[in-house]
Amino acid sequence: QNQKTKEQIESLLQNGQHEELRDRLCCRLTFGTAAPNYFFPFFFFFFFQGIYKYLERNFSDFKQRGFVVGYDTRGQVTSNCSSKKLAKLTAAVLLAKDVLVYFFSTYVPTPFVPYAVQQLGAVAGVMITASHNRKEDNGYKVYWENGAQITSPHDKEIIKCIEECVEPWNGSWNENLVDTSPLRQDPLKKICDSYMEDLTKICYHRELNVQSSLKFVHTSFHGVGHDYVQLAFKAFGFQPPIPVPEQKDPDPDFSTVKCPNPEEGESVLELSLRLAEKENAKVVVATDPDADRLAVAEQQDNGCWKVFTGNELAALFGWWMFSRWKNCSQDADVSNVYMLATTVSSKILRAIALQEGFHFEETLPGFKWIGSRVKNLLDNGKEVLFAFEESIGFMCGTSVLDKDGVSAAVVIAEMATYLQGQSLSLAQKLVDIYETYGYHISKTSYFLCYDPPTIKRIFERLRNFDGPQSYPSCCGIYNILHVRDITTGYDSSQLNKKSVLPVSKSSQMITFTFQNGCVATLRTSGTEPKIKYYAEMCALPGRSDRSVLEEELQKLIEALIENFLEPDKNALTWRSA
């Protein structure tokens, strides 16, 4: 059905490139992965036929309540297949089975899909996106009726249903159904208007925003974010942020950046920072291509730029959301309030919670776990103010049960405006937070490894370090207090030696708690060929010698890499390379 990919397959066959053919044809898409875009037209039918089958079994009113479909601006010339085309094929599978489909008429931020699922009462939704991955990739995020990304057992049951649907159904290829079917509705205006209205629930200083002289630069990284961030700033009473002209409009080739991931820091923010200097803007906000994540940079008094880490931004967001709640809810019960973070993220919210009296919870890595837990807390009458993951994913408020770069961008703008009135910068406030609640110095990075057996061998060695089923008791000169292995469910800190967090056998993840107060985690990425490491020194309030903490953390990371990852022996590629 796709002439370009058909020609590629025929060429591979004629040239005897059987390995390449196996890579393309002998696999199935699974949850928690991204893939080169040439996979998608062929496998999407299986996947969404499986989705249809599973939803039909679970919801008697599936066809009436409907399904939400959103998409970003990715598009590959090599496969003649854009995110929009894949979204149309997704809708066609469902429309051919007489399902009501809410199909956005243009690209939207990822957060709009879970928001729409809840607002429209749909049974589920999908966003076609590979977020910040390389331009060759594409992917999908599936949301359940609660507005959170699906978790087990739904993912496993959907995969079973896919195996029952190994041939495309009649009508599944007819992408024109989106333009002709009376069962297709466009939710764009309703959802956009409602989202912007709900956004004002976390706007606390509109009068300051209206009068503010502070300038902001925004880059959307060639993705979907420009129009929606402009609207969000308007909803808060701000003048629109200054867009980076070269990156404002969608470009599936991401032609001005080496990689479309704002988390990579100053190297990919070059155009934004130079524009900010020219315009005398002190703060830069950067949304990733599908606008669910946010990077922030602030110009310091010496003219240099500070690009905040995800953990540093979380400290600022956590302080802000709690202090605004406290000002507005003086008679409310603080013991009913919650904040959440993934277990590989900074423990700064835990430190704030201990002093202020609210609850802090950890989840497994990934916002699907946060979203599901937040929904559970809300259903039990709890109030959730903020949640985050260290990879610049933030959830301010609970209108969207997923990370949201659009709302985070305008919240940080209001925070910076408020602090300017207090003669403080974001960086100065961050120091104040750390001095109040204790310094939390963290570092996160990764190694590339394209050989799965090597990755498995690295982690199996750690599980049998001093003998069979024996984890390391030290790392160089650093003594280890506790070990938690999410892959196997082991946790030495628990009396029964079982992890409190759910077991996740599909990925590798081991956490070490050291005697000096450092917590370090090694884990694999679900979407990229990476071994990631996360390390943090958590100091008590009053221990304010930051340079000593940083030096100690750096030495421990060096020991962790040398003793546990052995990059030379395992042929790992350093991030900087």
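Reader: How many residues of helix α6 (residues 112–120) are buried?

Author: In this predicted model, 7 of the 9 residues of helix α6 are buried, so that the helix counts as mostly covered.

Reader: Which residues of α6 are buried?

Author: The buried residues of α6 are F112, V113, P114, Y115, A116, V117 and L120.

Reader: What follows α6?

Author: The residue after the helix is G121, and the phi angle of G121 is positive, near 70 degrees.

Reader: Let's take β2 from that list. Is β2 mostly covered or mostly open?

Author: Strand β2 is mostly covered, as 5 of its 5 residues are buried. This holds for both faces of β2, with F67, V69 and Y71 buried on one side and V68 and G70 buried on the other.

Reader: Which way do β2 and β5 run when they pair?

Author: β2 and β5 pair in the parallel sense, over 3 bridges, and within that pairing V68 has Y102 in β5 as its bridge partner.

Reader: How many bridges join β2 to β6?

Author: There are 5 bridges between β2 and β6, and these two strands also run parallel. Here the bridge partner of V68 is G125 in β6.

Reader: In what sense do β6 and β8 pair, then?

Author: Strand β6 (residues 124–128) pairs with β8 in the antiparallel sense over 5 bridges, and M127 is found opposite K141 of β8.

Reader: How many residues of β8 are buried?

Author: Strand β8 (residues 140–144) has 5 of its 5 residues buried.

Reader: Changing topic, which residues touch the most other members in the largest nonpolar core?

Author: That core has 132 residues, and the ones that touch the most other members are F317, F386, F394, L426 and F514. Helix α16 (residues 405–421) gives the most to this core, namely 11 residues.

Reader: What is L426 in contact with?

Author: If we leave aside its neighbours within four places in sequence, L426 is in contact with V283, V296, E298, F308, L316, I412, M415, A416 and L419. There is also a second, separate core of 39 residues, which includes Y52, V69, L94 and A124.

Reader: How many cavities of 30 Å³ or more are found in the whole structure?

Author: The search finds 2 cavities of 30 Å³ or more, and the largest cavity has a volume of about 90 Å³.

Reader: Which residues that line the largest cavity are closest to its centre?

Author: The lining of the largest cavity is made of 13 residues, and those closest to the centre are V344, S345, V519, Y534 and E536. By class, this lining has 4 nonpolar, 7 polar and 2 charged residues.

Reader: Which strands each supply at least two residues of that lining?

Author: β19 (440–448), β24 (518–524) and β25 (530–538) each supply at least two residues of it, with the largest share, 3 residues, coming from β25.

Reader: Another topic: where is P250 found?

Author: P250 is found in the loop between β11 (242–243) and α12 (270–279).

Reader: Why does P250 count as partly exposed?

Author: P250 counts as partly exposed because its relative accessible area is 32%, whereas buried means under 20% and exposed means over 50%.

Reader: What is P250 in contact with?

Author: Leaving aside its neighbours within four places in sequence, P250 is in contact with T73, Y107, H222 and G223. Although P250 and H222 are 28 residues apart along the chain, their C-alpha atoms are separated by 4.5 Å.

Reader: And β11, in what order do the strands of its sheet come?

Author: The order is β11-β10-β12-β13-β14, which makes an open sheet of 5 strands with mixed pairing. The edge strands are β11 and β14 (305–307), and each of them pairs on one side only.

Reader: How many bridges are there between β13 and β14?

Author: Strand β13 (residues 294–299) pairs with β14 in the antiparallel sense over 3 bridges, and A297 has V307 in β14 as its bridge partner.

Conventions
Residues are numbered from 1 along each chain as its sequence is written. This is a predicted model: local features need pLDDT of at least 70, side-chain atom pairs count only at pLDDT 80 or more; totals for chains, interfaces and linings use all residues. Side-chain values use heavy atoms; hydrogens and water are left out. Buried means under 20% relative accessible area, exposed over 50%, partly exposed in between (1.4 Å probe, protein chains only). Helices (H or I, at least four residues) and strands (E, at least two) are DSSP runs, numbered from the N terminus. Two strands pair if DSSP finds at least two bridges between them. A nonpolar core is a set of buried Ala, Val, Leu, Ile, Met, Phe, Trp, Tyr and Cys residues joined through side-chain atoms within 4.5 Å. Contact means heavy atoms within 4.5 Å. On a 1 Å grid over the protein atoms alone, a cavity is a set of points where a 1.4 Å probe fits but cannot get out, and a pocket is an open set with protein on both sides within 12 Å along at least five of seven lines; lining residues have an atom within 4 Å of a point. Grid points are joined across faces, edges and corners, and a volume is the space filled by probe spheres set on the points. Ala, Val, Leu, Ile, Met, Phe, Trp, Tyr, Cys and Pro count as nonpolar, Asp, Glu, Lys and Arg as charged, and the others, Gly among them, as polar.
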